[in-house]
Amino acid sequence: MNRAWKVVILALSFFGLAALPATAQTNSPEPYLLIISVTAESTTLGSDADEVYFSFSNGERHPAGTKAILSGETWEPHYFTSAAEELSVSLMERDMLGADDVIGTFKITPDNAYGRFTERMVGDFASYIVIFEVRR
């Protein structure tokens, strides 16, 4: 064994790396959801602008308040959240008079296909297009 290899082995031993298996197992990272964009095709009846937000079944909300959006506008939240467990995602519209309105909902499961998806959400007389990705 030449001197260079002895130095490498000694260094690995010193730092505790020599005990690592020759083939390290890598766990594939958990899936996550990325919400790319939200486009308002039309806002709710009687409203110039909707005050929207996402509500997730894991208890998250984005944004913390709301995002004002007019018909024809696109919002790019670029929001990441874990999809390691089944996840229900609802686009909500704040309602000043009563409970907030659900415009639409979609579900992500850990065994979903990965890639980019487009979801049309129609509710409360509004129509939105949500583009999202499921990644690892």
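Author: A residue is called buried if its relative accessible area is under 20%, exposed if it is over 50%, and partly exposed in between, using a 1.4 Å probe and protein chains only. What you see is a predicted model, in which local features need pLDDT of at least 70, side-chain atom pairs count only at pLDDT 80 or more, and totals for chains, interfaces and linings use all residues. Residues are numbered from 1 along each chain as its sequence is written, and side-chain values use heavy atoms, leaving out hydrogens and water.

By that scale Glu-41 is partly exposed, because its relative accessible area is 37%. Its side chain meets that of Arg-120 in a salt bridge, with 2.6 Å from N to O, and the term stands for a side-chain nitrogen of Lys or Arg within 4 Å of a carboxyl oxygen of Asp or Glu. Helices (H or I, at least four residues) and strands (E, at least two) are DSSP runs, numbered from the N terminus.

The structure has four salt bridges in total. Another of them pairs Lys-107 with Glu-86, whose closest N and O atoms are 3.9 Å apart. Lys-107 sits in strand E7 (residues 101-108), whereas Glu-86 sits in the loop between strand E5 (79-82) and strand E6 (87-93), so this pair ties together parts that are 21 residues apart in sequence. Lys-107 itself counts as exposed because its relative accessible area is 53%.

A further salt bridge brings together the side chains of Glu-133 and Arg-135, at 2.5 Å from N to O. With a relative accessibility of 11%, Glu-133 is buried, while Arg-135, at 30%, is partly exposed. Through salt bridges that share partners, Arg-116, Glu-133 and Arg-135 are joined into one network.

Once its neighbours within four places in sequence are set aside, Glu-93 is in contact (heavy atoms within 4.5 Å) with Thr-44, Asp-50, Glu-51, Val-52, Asp-100, Asp-101, Ile-103 and Asp-124.

Asp-124 is placed in the loop between E8 and strand E9 (126-135), and it is partly exposed because its relative accessible area is 30%. Its phi is near 55°, a positive value in a residue other than glycine. Phe-125, found in the loop between E8 and E9, likewise has a positive phi, near 60°, and with a relative accessible area of 67% Phe-125 is exposed. Most residues other than glycine have a negative phi, and most peptide bonds are trans.

A cis peptide bond runs from His-62 to Pro-63, with omega near -10°. His-62 lies in strand E3, and Pro-63 also has its place in strand E3 (residues 61-70). His-62 is buried because its relative accessible area is 19%. Not counting residues up to four places away in sequence, His-62 touches Tyr-53, Phe-54, Phe-56, Trp-75, Pro-77 and Tyr-79. Although His-62 and Leu-91 are 29 residues apart along the chain, their C-alpha atoms are separated by 9.7 Å.

Of the 136 residues in the protein chain, 33% are buried. Among the contacts in the protein chain with a separation of 6 or more, 59% are between residues 24 or more positions apart.
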